[in-house]
Protein chains: 2
Amino acid sequence: MGIQERKEKQKLEIRKLILDASIKLFIEEGFGNVTIRKIADLIEYSPTTVYLYFKDKDEILTALHDVGFQKMQEYNHDLPSINNPLLRLHKMGENYINFGMENPEFYELMFIMDEPMKVIEETGCEWKPGDNAIKVLKATVTECMEKNYLIGTDPHLVSLSVWSFVHGLVSLAIRDRMEKFVPEKELLLPMMRQSLNWFVNTIENPARNQ
Amino acid sequence: MGIQERKEKQKLEIRKLILDASIKLFIEEGFGNVTIRKIADLIEYSPTTVYLYFKDKDEILTALHDVGFQKMQEYNHDLPSINNPLLRLHKMGENYINFGMENPEFYELMFIMDEPMKVIEETGCEWKPGDNAIKVLKATVTECMEKNYLIGTDPHLVSLSVWSFVHGLVSLAIRDRMEKFVPEKELLLPMMRQSLNWFVNTIENPARNQ
DNA sequence: TTGGAATATTTACATTGTTAAGTAAATTTG
DNA sequence: CAAATTTACTTAACAATGTAAATATTCCAA
């Protein structure tokens, strides 16, 4: 029925309004600013209306978490054009760092905050966006090993390690734990890139110098 | 004056009561359970009395953050007995992981949550406990380089990288982002140790095989 | 004993997430 | 088209939270 469809669409539109308002709020001033009432203010509805479109606040955060993963994918649009798998892995790392530092609030939702994982546990236990990203990483690491850019037989373990490394960099940085290491803010990102360079150079198979 | 001293001591005792109560609360049920009112209930004072001993909740969290660093030091009591600096670095990593996984709430305060760093920014900008830990790490990495266990000339950069790596492991684990990589909970810690092994083996100077 | 400082409590307020009840408009049904 | 029902939204309210101001109590020195 056409009328049904239109209603569905309107419902989705208001959901989008809510999400956009939430994004605006936390982009501009962090998560403390994301309250149901402020969202409602922005979209010019009453606070309780929000609950007609989302079960609770955590569900909103989870939806934003999904948006974050889409955003991160955009950062990786240039990956397929890189043939050398180790270079590709390196670029993935750079993109990951750039994404995290340029979108710290999204990054928090995706990899730090508890709420999205709680919701996911309640609703099927599938962390689809995360799993997807992991799959790409693992494929790249596997290729690196097949083509002898990396030594080792366990792409699983190495993928986990690579991810931990870049996540460590980003999460320490956005939670202000690196100020001792890098007092000047302008040097933070360069330092992180340097660290990534060191990492990639170090794990590269030294025998594969042609 | 002796009477002054006794009063000082009593003040410190109540502060300790407050901190112990807070620890009990978040150990038993996580941070959601740490509220001024629950703390007050536990120590059998009224909620506002807490404010006579701490400026606000963030200051309590920051004090707990300090306690966490003391606890972490205890994990490292065995380090001085290890002569080989690379082995020592390895053990530091293991201890770090063990501490984080066994005390996730403290770990959060020390390396993930915003509040303590906010307080520190307001009161002098010195992250003393953190700086101290970093100093130990840097000394070890420096020794590794001097004795040729690690290649490279920048202990600063490598220390940052090592820390990022283990922090990445721990923080992904305690925020439940590793369930895809390691579905069974019992295998999580072994996997993290394996990852650390891989890391240390990989960064070790390959030329230094005697 | 009394007055003032230190310590504690009572009351209160604003903000938060969230639920329950009510209302007005849109839609379906007869 | 009129009545009934569903939908979309709002108002009012609740409980929990951090915290401030006003008030009360305790304690010690003069």
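This is a predicted model: local features need pLDDT of at least 70, side-chain atom pairs count only at pLDDT 80 or more; totals for chains, interfaces and linings use all residues.
1. The interface. Chain A brings 31 residues into contact with 31 residues of chain B. On the chain A side, the elements that supply two or more residues are α8 (128-146), α9 (155-174) and α10 (188-203). Among these, α9(A) provides the largest share, with 11 residues.

2. Of the residues of chain A that touch chain B, 16 are nonpolar, nine are polar and six are charged.

3. Helix α9(A) itself. This helix is built from 20 residues, and the distance from its first C-alpha to its last is 28 Å, close to the 28 Å expected at 1.5 Å a residue. Just beyond α9(A), the backbone of Asp176(A) adopts a positive phi of about 60 degrees.

4. Packing of α5(A) on α9(A). The crossing of α5(A) past α9(A) is right-handed.

5. Residues between α5(A) and α9(A). From α5(A), the contact draws on Gly93(A), Tyr96(A), Ile97(A), Gly100(A) and Met101(A); from α9(A), on Val166(A), Leu169(A), Val170(A), Ala173(A) and Ile174(A). Eight of the residues in this contact are nonpolar and two are polar, with no charged residues.

6. Packing of α4(A) on α7(A). A second pair in chain A consists of α4 (residues 57-75) and α7 (residues 115-122), whose axes lie 8 Å apart at an angle of about 100 degrees. Since angles of 65 to 115 degrees count as roughly perpendicular, α4(A) is roughly perpendicular to α7(A).

7. Residues between α4(A) and α7(A). Here Asp58(A), Glu59(A), Leu61(A), Thr62(A) and His65(A) of α4(A) meet Glu115(A), Pro116(A), Lys118(A), Val119(A) and Ile120(A) of α7(A). By class, this contact comprises four nonpolar, two polar and four charged residues, whereas the contact of α5(A) with α9(A) has no charged residues.

Notes
Residues are numbered from 1 along each chain as its sequence is written. Chains are lettered from A and ligands numbered from 1 in the order in which they are written. Two residues are in contact if their C-beta atoms, placed from the backbone, lie within 7 Å. Helices (H or I, at least four residues) and strands (E, at least two) are DSSP runs, numbered from the N terminus. Ala, Val, Leu, Ile, Met, Phe, Trp, Tyr, Cys and Pro count as nonpolar, Asp, Glu, Lys and Arg as charged, and the others, Gly among them, as polar. The expected span of a helix is 1.5 Å times one less than its number of residues. A crossing is left-handed if the near helix is turned anticlockwise from the far one by less than a right angle, and right-handed if clockwise. Axes are lines fitted to C-alpha atoms, for helices over the stretch in contact, and angles run from 0 to 180 degrees between N-to-C directions. Angles under 35 degrees count as roughly parallel, over 145 as roughly antiparallel, 65 to 115 as roughly perpendicular and the rest as oblique.
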